[in-house]
Amino acid sequence: MTNFTRGQKGKLADLGLNGPFAVTLDIVSGSMEVDVSCFGVDAAGKLSDDRYMVFFNQKSAPDNAITVDLNGPRSTFQVDLARLPASIDKLVFTAATEQGSMRALGNSSMALGQAATFAFTGNDFQDEKAVIIGELYRRDGSWRFGAVGQGFAGGLAALLKHFGGSEAASSSPAPVPTPAAPPPPANKISLSKIRLEKRGDKISLDKRDSGGYGRIRVNLNWNQNASQGQAPASKLDTGFLGKLFNKPAGRSGGIDLDIGCLFEMSGGAKSAVQALGNSWGAYDRPPYIHLEGDDRTGSISSGENIFINGTHFDQIKRVLVYAFIYEGVPNWAATDGVVTIEIPGQPTVEVRLDSDSQHAMCAIAMLENHGGNLQVTKLVEYFGGQGKITAHQAMDERYNFGLNWKAGRKD
């Protein structure tokens with residue numbers, strides 16, 4: 001592993017990076033929200049093709065030359081330079097915030113596969129709201145890496161303007177469904193991220209075209225880092241169980257936090273998609289809702305995902321997204337849990353589990369079909385079992401799904 005310092009440059013071939021590789025940004029920002037991006041710019045340093053900006057609202061470039069997986073403080077870009085067109089001369093990796101300044105950063109880094117790393121901290125900056133961390137660029141027929149570490153006065157919008165991109169008009173949460181504005185021109189980028197702050201907040205999203213909403217991803221994630229100032233003895237120390245009980249995630253099992261949903265189809269059919277009972281659903285046939293896997297320990301950094309086939313959204317009436325602690329003592333205040341709803345061509349919608357409860361079940365958000373538009377409502381309401389009534393059944397009765405519940409297990 002080659003350790004780069006600010007201003008240092010080197011050929012990728014000399015680092016052994018001759019094919020696709022990962023660019024990993026570990027940004028330690030505490031409670032400050034930081035957005036990372038990759039700008040694919042031309043020889044003039046301009047974003048002449050907006051499709052080559054990869055960030056939270058556009059997670060891949062054409063031909064998957066660049067993709068990103070955003071997992072809390074760690075963001076992993078997969079880069080295949082051979083798939084980039086000749087017009088893209090440089091990939092610039094950045095981080096930006098609107099809440100504070102880069103001087104608040106802890107020990108952060110940029111890594112190129114297992115070949116090179118560039119470390120930086122808030123001590124390297126002043127009051128800048130953004131930083132250009134590093135860049136991959138063409139020079140004399142070969143690709144090279146440059147460790148930049150340059151502070152930038154503005155946030156993400158200022159970076160976009162600096163690189164010659166244009167920003168689309170932002171959307172805002174609305175208390176009731178309202179007609180959406182016409183879609184922005186194809187050459188503009190939406191930097192908006194909608195966070196539903198209070199229980200009952202809603203946002204209505206219109207379809208961009210007759211093809212529906214495309215592939216909708218509902219992701220549940222939570223804080224998997226060790227307490228600030230403590231170095232984990234192993235990766236197991238950073239798990240969800242350690243966060244709940246202030247000790248390492250047990251090697252004998254660990255806590256099991258599940259995402260699931262109740263759904264109602266437009267024709268009246270109702271059921272659940274969840275790991276409990278192995279009810280995984282299906283993406284290409286009814287109910288057009290599929291649960292991807294089951295993380296039983298909180299060790300998978302990307303959390304858990306439900307995918308909804310938005311092409312068939314007209315056949316779905318409503319979807320209640322929930323999280324359930326299958327094993328372990330509930331302590332939601334320790335999770336720092338967040339659900340993000342990602343819809344192609346739409347702002348990312350974020351719902352945080354920001355209330356405390358000792359109950360095992362949390363109804364997080366309701367996705368509803370209102371006249372063809374997708375409406376998202378923040379719920380964050382907790383349920384516990386009492387007597388013969390399970391937490392699942394209590395939540396079901398609260399939202400009038402009317403399912404028949406019986407004890408279940410996961411294989």
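How many bridges join β4 to strand β8, and in which sense do the two strands run? Seven bridges join them, and the strands run antiparallel. The model described here is predicted.

**The chain as a whole**

- Of the 411 residues in the protein chain, 51% count as buried.
- Among contacts in the protein chain with a separation of 6 or more, 67% are between residues 24 or more positions apart.
- The protein chain has an accessible surface of about 18,600 Å², and carbon and sulfur atoms account for 47% of that surface.

- Strand β4 covers residues 35–41, and seven of its seven residues are buried, so the strand is largely enclosed by the rest of the structure.
- Both faces of β4 are covered: one side carries D35, S37, F39 and V41, while the other carries V36, C38 and G40.
- Strand β8, which pairs with β4, consists of residues 90–96, and its residue K90 stands opposite V41.
- Strand β5 (residues 53–54) also pairs with β4, in the antiparallel sense and over two bridges; here M53 is the bridge partner of F39.

**Salt bridges**

- Side chains of opposite charge can pair when their charged atoms come close.
- The structure holds 17 salt bridges.
- One of them joins the side chains of R195 and E33, at 2.6 Å from N to O. This pair links distant parts of the chain, since R195 belongs to strand β13 (residues 193–196) and E33 to the loop between β3 (21–26) and β4, 162 residues apart.
- R195 is partly exposed, with a relative accessible area of 25%, and E33 is also partly exposed, with a value of 22%.
- Another salt bridge brings together the side chains of R217 and E342, at 3.3 Å from N to O. R217 lies in strand β15 (residues 215–221) and E342 in strand β22 (residues 338–342), so that distant parts of the chain, 125 residues apart, are linked. Both R217 and E342 are buried.
- The side chains of E381 and R398 also form a salt bridge, at 3.2 Å from N to O. Because E381 lies in strand β25 (residues 373–383) and R398 in helix α3 (residues 391–398), the pair ties together parts that are 17 residues apart in sequence.
- E381 is buried, with a relative accessible area of 16%, whereas R398 counts as partly exposed at 44%.
- Through shared partners, salt bridges join E33, D35, K193, R195, E350 and R352 into one network.

Definitions and conventions:
Residues are numbered from 1 along each chain as its sequence is written. This is a predicted model: local features need pLDDT of at least 70, side-chain atom pairs count only at pLDDT 80 or more; totals for chains, interfaces and linings use all residues. Side-chain values use heavy atoms; hydrogens and water are left out. Buried means under 20% relative accessible area, exposed over 50%, partly exposed in between (1.4 Å probe, protein chains only). Contact means heavy atoms within 4.5 Å. Accessible areas come from the Shrake-Rupley method with a 1.4 Å probe; for residues, only the protein chains shown count as cover. Helices (H or I, at least four residues) and strands (E, at least two) are DSSP runs, numbered from the N terminus. Two strands pair if DSSP finds at least two bridges between them. A salt bridge is a side-chain nitrogen of Lys or Arg within 4 Å of a carboxyl oxygen of Asp or Glu.
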